[in-house]
Amino acid sequence: MPKNESRVLDRIDLTILDTLQTDGRISNVELAKKVNLSASPCLDRVKRLEKEGYINRYGAYLNASKLKYAMSAFIQVTLDRTTSDVFNQFKDEVVGIKEVAECHMVAGGFDYLLKLRFEDMDAYREVLGVIVELPAVAQTHTYVVMEQVFSDRGVPLFD
């Protein structure tokens, strides 16, 4: 099955996905116990879910404050024209800015929403200087995060 096609997942598949997005380090034996399978069929399901693209990657959530990236902000970016060439140029450049944690093309009153992580306001001014010089950037608006109420909760799989 191609990665972009979806199939109906059963309750065991959904439980595996829900468990792995909460604890990607769980052993296959422990995961198998949680979903009431033996280890081998459980591992087969995980490998199938990976192959079919339901699982993109595994990783660790790092404490940004301990790593000198205590501040974050969202920047709205409006381009001066909206052509596929300009979009591609912007994307090619923005992926190279290490402080940009996320970049989303959006519909509405502006073109892109960037999430930045940085050490302090001096570092923010420096990265903003880079962003405003990106191809076709006409305008930016910044929203500095005062408090993160919660972060990515993962994909809601159960009601």
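Leaving aside its neighbours within four places in sequence, with which residues is R45 in contact? The third point below returns to this.

1. Basis of the note. This is a predicted model, in which local features need pLDDT of at least 70 and side-chain atom pairs count only at pLDDT 80 or more, while totals for chains, interfaces and linings use all residues. Residues are numbered from 1 along each chain as its sequence is written, and side-chain values use heavy atoms, with hydrogens and water left out.

2. Overall architecture. The chain holds 5 helices and 4 strands, where helices (H or I, at least four residues) and strands (E, at least two) are DSSP runs numbered from the N terminus; read from the N terminus, the order is α-α-α-β-α-β-β-α-β. The radius of gyration is 20 Å, well over the 15 Å that the globule rule gives for 159 residues, so the chain is more spread out than a compact globule; this radius is taken over C-alpha atoms, and the rule is 2.2 Å times the number of residues to the power 0.38. Along its principal axes the C-alpha trace spans about 55 × 40 × 30 Å.

3. The residue of the opening question. R45 lies in helix α3, which covers residues 39-51, and R45 is buried, with a relative accessible area of 18%; buried means under 20% relative accessible area, exposed over 50%, and partly exposed in between (1.4 Å probe, protein chains only). Setting aside neighbours within four places in sequence, R45 is in contact with D10, I12, D13, I16 and L37, contact being defined as heavy atoms within 4.5 Å.

4. Nonpolar cores. The largest nonpolar core has 21 residues, and those with the most contacts inside it are I75, V77, L79, F90, L114, L116 and I131; such a core is a set of buried Ala, Val, Leu, Ile, Met, Phe, Trp, Tyr and Cys residues joined through side-chain atoms within 4.5 Å. At least two residues of this core come from each of β1 (71-79), α4 (84-94), β3 (112-118) and α5 (121-132). Apart from it lies another core, of 13 residues, with L17, L31, V46 and I55 among them.

5. Contacts of I75 and of the chain. Beyond its neighbours within four places in sequence, I75 is in contact with residues including L114, L116, Y124, L128, I131 and T142. For the chain, residues 24 or more positions apart account for 65% of the contacts with a separation of 6 or more, and 28% of the 159 residues count as buried.

6. E30, in helix α2 (residues 28-34), is partly exposed, with a relative accessible area of 39%; E30 and I131 are 101 residues apart in sequence and 46 Å apart in space, C-alpha to C-alpha. A60, found in the loop between α3 and β1, is exposed at a relative accessible area of 63%, and its C-alpha atom is separated by 28 Å from that of Q76, 16 residues apart along the chain.

7. Backbone angles to check. Most residues other than glycine have a negative phi. A136, in the loop between α5 and β4 (137-144), has a phi near 70° but is buried, with a relative accessible area of 12%.
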